Amino acid sequence: MGSSVSCCGNDKVEEGLTLGGGGENVNQWRIFTYKELHTATNGFSDDYKLGEGGFGSVYWGRTSDGLQIAVKKLKSMNSKAEMEFAVEVEVLGRVRHKNLLGLRGYCAGNDQRLIVYDYMPNLSLLSHLHGQFAGEVQLDWKKRMKVAMGSAEGILYLHHEVTPHIIHRDIKASNVLLDSNFDPLVADFGFAKLIPEGVSHMTTRVKGTLGYLAPEYAMWGKVSESCDVYSFGILLLEIVTGRKPIQKLPGGVKRTITEWAEPHISKGRFKDLADPKLRGNFDESQLVQAINVAALCVQSEPEKRPTMKEVVLLLNTAAPVAARIKSVKYSEDLMARDQDDDDDDDDGDGRNGYEDESSVYGVFGALEAQKMEAPFRRYGERR
Ligand SMILES: Nc1ncnc2c1ncn2[C@@H]1O[C@H](COP(=O)(O)OP(=O)(O)OP(=O)(O)O)[C@@H](O)[C@H]1O
Ligand SMILES: [Mg+2]
């Protein structure tokens, strides 16, 4: 690990090593200079912008040694003292797992807080389910199951293997990134630690997140590992069904994915839940198992939800689980907060409750597609 804090304006570059079990250098991270990141991202140019989240903007970049990176430039609300920020980032930097997007480095100083990750060429799960790649249907059933299982393993590692344990708090499709092999890497874990007291993700941005939030977290701010389990259950339903966590129906009524799934599950009509884009190409027993596991995860009482260890076990072994979804309703004021940017989400409620394939852009997708399409094309040419 880097031994001390370096200022962005300072050209001194510190380096840190994370050692694997055998002592080998698994992944090297370092402190970047502001100048270096400025150059790599062409001055944080809009053309290089990958997207914008609740904590700031993310830019594509290439370092002088050719490494493709994604640089998250945190908003000024991240007024944490430089030292405090560095300590917390270094803690996160120590977390290494094949399904977690580890830190490549950071830069802190002169009111700037930047975090550097490896660039993930297949972008996010969101872009494949509802964004600019949705039409290509690159995510076949096998890949979807790999994404579900890998994401579960990454979260399990955060909950049970890292000391102190990390609660992610923001598990969702845009925080599952896909490498060149479509292996999933869960991103933005532990981010709450980097935000000053009193500034919560909920107060800064509900859009695109609300549908994943456990009711006890959304309504009373009660955080525990089981909030992540709830979010994972929603993610699992989303992966299998290709539906968004909250959909706006014609007329403006909002419906959660669990409300939609509940009647299908209670009638045992699991096949009706599969994403129509898969055109029937899925393993039915895996589908039933995934839906049942998701149903266990999204129970409204946190103590009834399984742990991530149990989730991984159940997904792996196909042991019989029977569960019924009891859909959760968010309070009206929370739903209203999700509404602001949703006007693009006027999905049809077509045949069997499925929207027509041309209307897959919505709460999450349209915005991301809009922001990411142009820069991505340019990266495609460079790669
Ligand atoms: N390493 C990366 N490689 C490729 N794309 C990335 C990378 N990191 C982030 N992105 C993409 O950049 C966009 C912005 O990411 P960001 O994390 O800021 O927002 P978000 O995931 O939508 O919301 P949140 O702030 O809650 O995490 C997202 O679409 C995300 O998938
Ligand atoms: Mg993110």
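Helices (H or I, at least four residues) and strands (E, at least two) are DSSP runs, numbered from the N terminus. With that in hand, we can walk through this predicted model, in which local features need pLDDT of at least 70, side-chain atom pairs count only at pLDDT 80 or more, and totals for chains, interfaces and linings use all residues. Residues are numbered from 1 along each chain as its sequence is written, while chains are lettered from A and ligands numbered from 1 in the order in which they are written.

Let's start at ligand 1. A residue counts as near it if its C-beta atom, placed from the backbone, lies within 6 Å. There are 21 residues around ligand 1, and Gly51, Gly53, Ala70, Ser124 and Ser174 come nearest. Two elements, β3 (49-52) and β5 (68-74), each give two or more residues to this shell. The largest share, three residues, is from β3. Domain 1 (14-119) and domain 2 (125-359) each supply at least three residues; their bounds come from an automatic or database domain assignment.

Which strands pair with β5? Strands pair if DSSP finds at least two bridges between them. β4 (residues 56-62) runs antiparallel to β5 and is joined to it by seven bridges, with Trp60 opposite Ala70. These two strands form a hairpin with five residues between them, and Gly66 in the turn has a positive phi of about 90°. Strand β7 (residues 112-118) is also antiparallel to β5, through five bridges; there, Asp118 is the bridge partner of Ile69.
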